[in-house]
Amino acid sequence: MITLKEGNWRIPKWNRKVFAVAGGLTNYRKFCAEMKLEEQVMVAFRQMLENNDLKLSPVEIKGLINFLACGEFADHFQDQLLCEAKVTDYLGLDPMYDIGIKTGGATGGSTVLTAAMAIASGYADVALAVGWERMSEVDTRTGNYYIANAACKDFETRLSRIYAAYYAPMAIRFAWAYNLSEETRAKVAVKNHLYAYYSPYSQQPGKYTIQDVLNSPMSTYPLRFLECCAMTDGAACLLLCDEETAYKLTDKPCELFIAGGSHTLRVADRRDMEIPLLPHETPEMYKGLRKKEGQRWPGFESFAAARFAAYFAYGMAGISNPLEELDLVELHDAFTISDIQTYGDIGLRPYGEEPDYIESGDAYFGGKCPANLSGGLIGTMHAVGATGIFSGVECLWQIQGKYDKFHGDHKIWESFGKKKPADWKSLQVPDAKQAAWVSHAGVGSHVTVGILRKAF
Amino acid sequence: MAARKKIAKYTGKPAKVLQSEPALVIEWPRSLVHRHTYGKLSPFFKGLTEGKLLATRCVNPKCGEHRLWLPPRADCPDCNQPMAWQELPQPVIGTVHTYARVEYAGAGIELTTPYFQIDVELPGVCTIFKGYLQYGTPEIGMKVKACFRTKDPTNTILDVYWIPVLDDTDVRS
């Protein structure tokens, strides 16, 4: 039994406020032949510096950056150690210190956390969180094998060598415990592929039906291909500052809070524990939760790392009821099931009622707290080291009221060799003030929850 | 007479060009062999080849966790003290906690697809043990029996697998 003591429960605290001011993305694709890794990072960096309505010139802003946090999931993919040095040099930011960050699928979130800590501590006034992945360096099955090295190599990797096979048992168990239908899972895929249809950055846009999803080829039963993210080449950048610099750079800064939680690499090792409650929850809510034999928390149904990350991040930001206080979320939908599992962990629904977040309509554009309007991982990208930065950037643009600017401008579509759909529609959440995003690794080994709050 | 010039010769194999437009893409072969130790868990993997399932238990009387660990650990995560080995009594009968049918596997898979991966609850064990079902169709709550690849062992986790327990006769090993 994991027993936590007072110090473990301490809510993280910045020594001074941290702000996000600008972001940049790339055209996410399976294989970007015409650009190398650092050249793709340059695309995201230029968008961040040149297109975010910043009040100083790109060269002036570069003159303010004095720290970089660099996210990259796996050296296996890049096949190049010390990519951080290549990128920092290529962006013209030498000799500023860059730290490489690696926490699996949560690498992007951890990268933002590291950059934020640099600002909060006073180490830096302006810090760049930048992440990338070049997954096309190998074919898809080899890529799956590499990713399966993020399961335990002694006890799990040889049992499938593909990550869907570590989530599929969770899907089976969750359906058994909490009555999740295949149709509800499919609805998550339909929603996120559809939202990706409105994004010029997206890799897997599509107007699918529930039946299309259920009829798509099987990866590991019960997860179909259309329920899974794909291998992506791409990069993302997010610029963080202290308060004074933030207002010097933009009229639309957002205050940032971010925290993380960790749990065992193997789901198998997650012993039953008491559920840490979020501010709006009571012990009575979960009295009947373990009603079936053998049920445990977090077990195969939930992610303690996500629950702890939410607990700490909500504590930092003073959020007492996430569904009421968040205007949108970007979740780590690597698989439909992991998306659904997270609804309980971050308090969008009580544990056991996660499917209702989809079925009620709350998760859709126009709903109470829409999820993954970016298209998420299933629809838009999972260039792993960049992912948790991409999700944060999409939240930032929503709060800044710039969804249309960054998704509806036909010049962006054309610069990627794409045509803006004739039936394109805006997914700008009206008057969005606060957003949260989740960055998630392994089968829940590392999770960060970040919160951006309108500060203008 | 001038000494013969020593020239550096190319001894590699030219990289195969996969495409030349819009950018030059070459093949970059990799064939590597790593060396990996099972460390203090070596008794577990040796045990599989002898038809034994070995777990560990914390023997520190001051520790709060005295159930078995499987996968085993050499050291207790709660009190950080060394644990002791204990063999599970034969036949090892467990219950399917959850499962998945692997249809599309990554490179290097050593089992024929499709097959069922299962996660097994075992009495007295605080963790859940992942393996594969050699035949049959699993469901949650189904009883399964551990079998071992003692002949031609793989020296990996694949030396233990499970079969369905259909009636009492299957329980007798």
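## Where the chains pair up

Strand β5 of chain A (residues 218-221) and β6(B) pair in the antiparallel sense, with 2 bridges between them. Here strands are DSSP runs of E at least two residues long, helices are runs of H or I of at least four, and both are numbered from the N terminus; two strands pair if DSSP finds at least two bridges between them. One of these links has A:Thr220 partnered with B:Val102 in β6(B).

A quick note on the ground rules: this is a predicted model, so local features need pLDDT of at least 70 and side-chain atom pairs pLDDT 80 or more, while totals for chains, interfaces and linings use all residues. Residues count from 1 along each chain as its sequence is written, with chains lettered from A and ligands numbered from 1 in the order written.

## The wider contact

The contact draws 36 residues from chain B and 32 residues from chain A, where contact means C-beta atoms, placed from the backbone, within 7 Å. On the chain B side, β6 (93-102), β7 (115-121) and β8 (128-133) each supply at least two residues. β6(B) gives the most, with 6 residues.

By class, that side of chain B splits into 20 nonpolar, 9 polar and 7 charged residues. Nonpolar covers Ala, Val, Leu, Ile, Met, Phe, Trp, Tyr, Cys and Pro; charged covers Asp, Glu, Lys and Arg; the others, Gly among them, are polar.

## Chain B on its own

Chain B has 2 helices and 10 strands, running β-β-α-β-β-β-β-β-β-β-β-α from the N terminus on. Its radius of gyration is 24 Å, well over the 16 Å that the globule rule gives for 173 residues, so chain B is more spread out than a compact globule. (The radius is over C-alpha atoms, and the rule is 2.2 Å times the number of residues to the power 0.38.) The C-alpha trace of chain B spans about 90 × 40 × 35 Å along its principal axes.

Buried residues make up 30% of the 173 in chain B; buried means 20 or more other C-beta atoms within 10 Å of the residue's own, with C-beta atoms placed from the backbone.

## The sheet in chain A

Chain A has an open sheet of 9 strands with mixed pairing, in the order β3-β2-β4-β7-β1-β8-β11-β10-β9. The edges are β3 (98-101) and β9 (328-330), each pairing on one side only. Ignoring direction, neighbouring strands are turned by 25 degrees against each other on average. At one end, β2 (67-72) runs parallel to β3(A), joined by 4 bridges, and A:Leu68 has A:Asp98 in β3(A) as its bridge partner.

## A covered helix and its neighbour

Helix α13 of chain A (336-345) is mostly covered, with 10 of its 10 residues buried. What covers those residues includes α7 (164-178), α8 (182-197), β6 (223-224), α11 (304-317), α14 (355-359) and β10 of chain A. Just after α13(A), A:Gly347 takes a positive phi of about 80 degrees.

How do α8(A) and α13(A) cross, and at what angle? Their axes come within 9 Å and cross at roughly 100 degrees; axes are lines fitted to C-alpha atoms, for helices over the stretch in contact, and angles run from 0 to 180 degrees between N-to-C directions. The two helices are therefore roughly perpendicular, a label for 65 to 115 degrees. A:Arg185, A:Val188 and A:Ala189 of α8(A) meet A:Thr336, A:Ile337, A:Asp339 and A:Ile340 of α13(A).

Key. A residue is buried if 20 or more other C-beta atoms lie within 10 Å of its own, exposed if 12 or fewer, and partly exposed in between; C-beta atoms are placed from the backbone. Two residues are in contact if their C-beta atoms, placed from the backbone, lie within 7 Å. Angles under 35 degrees count as roughly parallel, over 145 as roughly antiparallel, 65 to 115 as roughly perpendicular and the rest as oblique.
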